[in-house]
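Subject: Structure handover and notes

Dear colleague,

I am passing on the structure below, and the notes that follow it are meant for someone who has not looked at it before. Please read them with the model open beside you.

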Amino acid sequence: PPWDGRWWGTQPAQQKPPAKTIAWEGTPRVMATIRELLTDRSASVRAAAVEAIVSTDNRESRGILRARFSHETDAQVKRAIALGLGKMADSDALDLLTAALRDPRSDGPLRDAALEAVEMIGSQKAAVALAALLGEKSMSAERKPRVIAALARLKDSSAIEPLLQTLKTPSQEVRSAAIDALVAIVQGKQAPARDKVMRAVRPLRTDAAVEVRNRAIAAAGSLGDREAVPSLIAASEQPESRFEAALALAALPDVRALQVYLRGLTDKNTDLRKSSAAAIGKIRDQAAAVLDQLAVRHELPPEAIPELRSIYTGLVPVTSWHVLGPFAFDPPPYLAAEKPIDLSATWNGFEGKRVGWRSAEAVDSRGQIDLGKIYSNDDDRAAYASAVLESPTERKAEMVVGSDDTLTVWLNGR
């Protein structure tokens, strides 16, 4: 298709070229010939015909591929058809693909291709179909983790109940995969679903299998399960769970775990050192008195002291803002910065659209606000952001701000 006049990004050469989707006068004849070759005597020709249909994204041929799938005798061509149906997002193929997954006569590579295709098709129907396989006796314990991993990537809530049932399976590989999948699905979901998963996973922190215990420990941090803090502190003393428990505790900043964070500051693992430092930074006011006592008693690890100095002298990002926009870049409307901000006020924004203040959270640990995600990445736009910082005493302080474009800052009306 011709260029539509819109930019295609700053690295066009690193992207795939546009698909050739515009028909010409020879297209119908060519595609008819390719479809006929799906029944050619030569398996290599049939495979080439499948590849041609998929590479041209000829979705009118999906029904023919579905019909051919059941009759195809060559294993390699059959796998190509399965993957092709997935790449062309053929939701009508879900039943035959899941049937291939169930069929004990299907070889391993075909089952793998069918599973990949179902995942590519996506949708709630795909999630329901895969979740149903978990209860099938024909589904081996060796393949179930792969099905569960696919459910994790689909992130559909319909899979929660079937996955909860698999937490009771004898296979530790299946239990471990189910924990990870449940965490992936409920993150960002409403509290009831998340709380249900937390309750189901808690007993597994004492599972007989070390891998299952560690996945349940990691889940406590990912799900924000603060009830787990005491048991995580205990787990951090066990050699087989020390690392996982320390990372989970770092995700749940709590002064009770300060000794674990101090240990993490000197760990060889970079991620654990960074996570431990971030956790202390979030509780630094609560931790200050405890650290003073440890210093007096000479109980602070000497290797941790430089990092602690950095934490207590470093900048603390402002992570919660209200933003207003977008506006035309020149000139944006005048806001009386010397007066309190009225968060209920509305303004005429870009192209006259009425806009109001909205909440915005930082997208990273440095406190950056991504206006492109909130509004758009269009050029020549402006926005305001407001945050309130309270200091119990009058004092001098350092403030650092930055932008990849023009920036004006007001502090206390100046």
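Which residues in H1 meet which residues in H2? Met31, Ile34 and Arg35 in H1 meet Ala49, Ala52 and Ile53 in H2, where contact means heavy atoms within 4.5 Å. Divided by class, the residues of this contact are five nonpolar, no polar and one charged; here Ala, Val, Leu, Ile, Met, Phe, Trp, Tyr, Cys and Pro count as nonpolar, Asp, Glu, Lys and Arg as charged, and the others, Gly among them, as polar.

Before going further, please note that this is a predicted model, in which local features need pLDDT of at least 70 and side-chain atom pairs count only at pLDDT 80 or more, while totals for chains, interfaces and linings use all residues. Residues are numbered from 1 along each chain as its sequence is written, and side-chain values use heavy atoms, with hydrogens and water left out.

Helix packing

Helix H1 covers residues 27-36 and helix H2 covers residues 43-55; helices (H or I, at least four residues) and strands (E, at least two) are DSSP runs, numbered from the N terminus. The two helices pack at an angle of about 140°, with their axes 8 Å apart, the axes being lines fitted to C-alpha atoms, for helices over the stretch in contact, and the angles running from 0 to 180 degrees between N-to-C directions. That makes H1 oblique to H2, given that angles under 35 degrees count as roughly parallel, over 145 as roughly antiparallel, 65 to 115 as roughly perpendicular and the rest as oblique. H1 passes H2 in a left-handed crossing, a crossing being left-handed if the near helix is turned anticlockwise from the far one by less than a right angle, and right-handed if clockwise.

Helix H12 (residues 210-223) and helix H14 (residues 242-250) have axes that come within 7 Å and cross at roughly 10°, and H12 and H14 are therefore roughly parallel to each other. Asn214, Ile217 and Gly221 of H12 make this contact with Glu244, Ala245 and Ala248 of H14, and by class the contact has three nonpolar, two polar and one charged residues.

For H15 and H16, the axes come within 8 Å and cross at roughly 140°, so that these two helices are oblique to each other. H15 passes H16 in a left-handed crossing. On the H15 side the contact is made by Leu258, Tyr261, Leu262, Gly264 and Leu265, and on the H16 side by Leu272, Arg273, Ser276, Ala277, Ala279 and Ile280; by class, these are eight nonpolar, two polar and one charged residues.

Cavity and pocket

How many cavities of 30 Å³ or more does a search of the whole structure find? The search finds one; on a 1 Å grid over the protein atoms alone, a cavity is a set of points where a 1.4 Å probe fits but cannot get out, a pocket is an open set with protein on both sides within 12 Å along at least five of seven lines, and lining residues have an atom within 4 Å of a point. About 40 Å³ of space lies in the largest cavity, where grid points are joined across faces, edges and corners, and a volume is the space filled by probe spheres set on the points. Its lining is made by Ser236, Arg242, Ala246, Val260, Arg263, Gly264 and Leu272, and the largest share, three residues, comes from H15.

The second largest pocket holds about 590 Å³ of space and is lined by 19 residues, of which Ala277, Ala278, Gly281, Pro317 and Ser365 lie nearest its centre. Helix H16 (270-282) and helix H18 (305-313) are the elements that give two or more residues to this lining, and H16 gives the most, with six residues. By class, the lining divides into eight nonpolar, six polar and five charged residues.

Backbone details

The peptide bond from Gly325 to Pro326 is cis, with omega near -5°, and Pro326 is found in strand E1 (residues 320-328). The peptide bond from Asp330 to Pro331 is also cis, with omega near -5°, and Pro331 sits in the loop between E1 and strand E2 (346-348). His298, in the loop between helix H17 (284-296) and H18, has phi near 55°, a positive value in a residue other than glycine.

With best wishes
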